Amino acid sequence: MKRIKAIYPGSFDPPTNGHLDLIERGSKIFDELVVAILRNPEKDPLFSVADRRKMLEAMTSGFDNVSVDTFAGLTVDYALQLEARVILRGIRAISDYEYELQMALMNRKLQPGLETVFMMPAEKYSYLSSRLVREIAELGGSIDCLVPELVEQKLREKIDVAHKFENGEQSGDKMPSEPKSKSRKKKL
Ligand code: PNS
């Protein structure tokens, strides 16, 4: 029987327990699952691609059939390059559906041989998003149980650096490892 390789593309800024839940579910269904972080120069992410990769690698180290990679350009081209047959995406609520359907159908138009498979994370993660995690962490709320401990620690470090920067405790005019982050120091 043919082995089924799937990619799970996304921004993962930062990766959350919802992402991990989906990775676990995907790893049980597909022979191989590649978590693929989009390298998007247009976006101003909180974490660099390298940081996100490290976090995801640590989070997925217990899964034999899961690997982490980065890609640029079209998801369908990347999937083809990897000889993957499936794009895995998570749907948390009806509100996700419209965007996900549009993307899945567009990807099918671009590459009819590829299938998008939607999976639902556990209900307890249905309200969880990377954006909210960033916001809550920045405003001092608890992100306990929303992200793995390693990600929580990295978030705290980022926020501490940002606050020090705002208070003028850092030298230079850039946040360390955030080359484009003049706007990020406010937004986080
Ligand atoms: O985690 P996200 O931000 O919801 O992931 C969105 C992602 C990376 C899957 C989507 O933006 C994407 O596939 N981008 C790559 C460019 C592409 O293929 N665009 C056409 C999509 S129909």
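In strand 3, Phe71 is the bridge partner of Leu38, and Ser67 in strand 3 is likewise the bridge partner of Val34. The model is a predicted one, in which local features need pLDDT of at least 70 and side-chain atom pairs count only at pLDDT 80 or more, whereas totals for chains, interfaces and linings use all residues. Residues are numbered from 1 along each chain as its sequence is written, and side-chain values use heavy atoms, with hydrogens and water left out.

Strand 2 and strand 3 (residues 66–71) pair in the parallel sense over six bridges, where pairing requires that DSSP find at least two bridges between two strands, and where helices (H or I, at least four residues) and strands (E, at least two) are DSSP runs numbered from the N terminus. Strand 2 is also joined by six bridges to strand 1 (residues 5–10), again in parallel, and Ala36 of strand 2 is the bridge partner of Pro9. Between strand 1 and strand 2 the chain passes through helix 1 (residues 17–29) in a right-handed β-α-β crossover, a term applied if, with the strands pointing away from the viewer, the path from the first strand over the helix to the second runs clockwise. A right-handed β-α-β unit is also made by strand 2, helix 2 (residues 49–59) and strand 3. Because five of the seven residues of strand 2 (residues 32–38) are buried, this strand is largely enclosed by the rest of the structure (buried: under 20% relative accessible area with a 1.4 Å probe, protein chains only).

The five strands form an open sheet with parallel pairing in the order 3-2-1-4-5. Strand 3 and strand 5 (115–119) stand at the edges, each with a single partner strand, so one side of each is left without a neighbour in the sheet. From one strand to the next the twist averages 30°, angles running from 0 to 180 degrees between N-to-C directions of lines fitted to C-alpha atoms.

The largest pocket holds about 1300 Å³ of space, a volume being the space filled by probe spheres set on grid points joined across faces, edges and corners. A pocket is an open set of points on a 1 Å grid over the protein atoms alone, where a 1.4 Å probe fits, with protein on both sides within 12 Å along at least five of seven lines, and lining residues have an atom within 4 Å of a point. Of the 46 residues lining the largest pocket, Gly10, Ser11, Lys43, Arg89 and Tyr99 lie nearest its centre. Helix 4 gives the most to this lining, with eight residues.

Terms used: Buried < 20%, exposed > 50% of the residue type's maximum accessible area, 1.4 Å probe, protein only.
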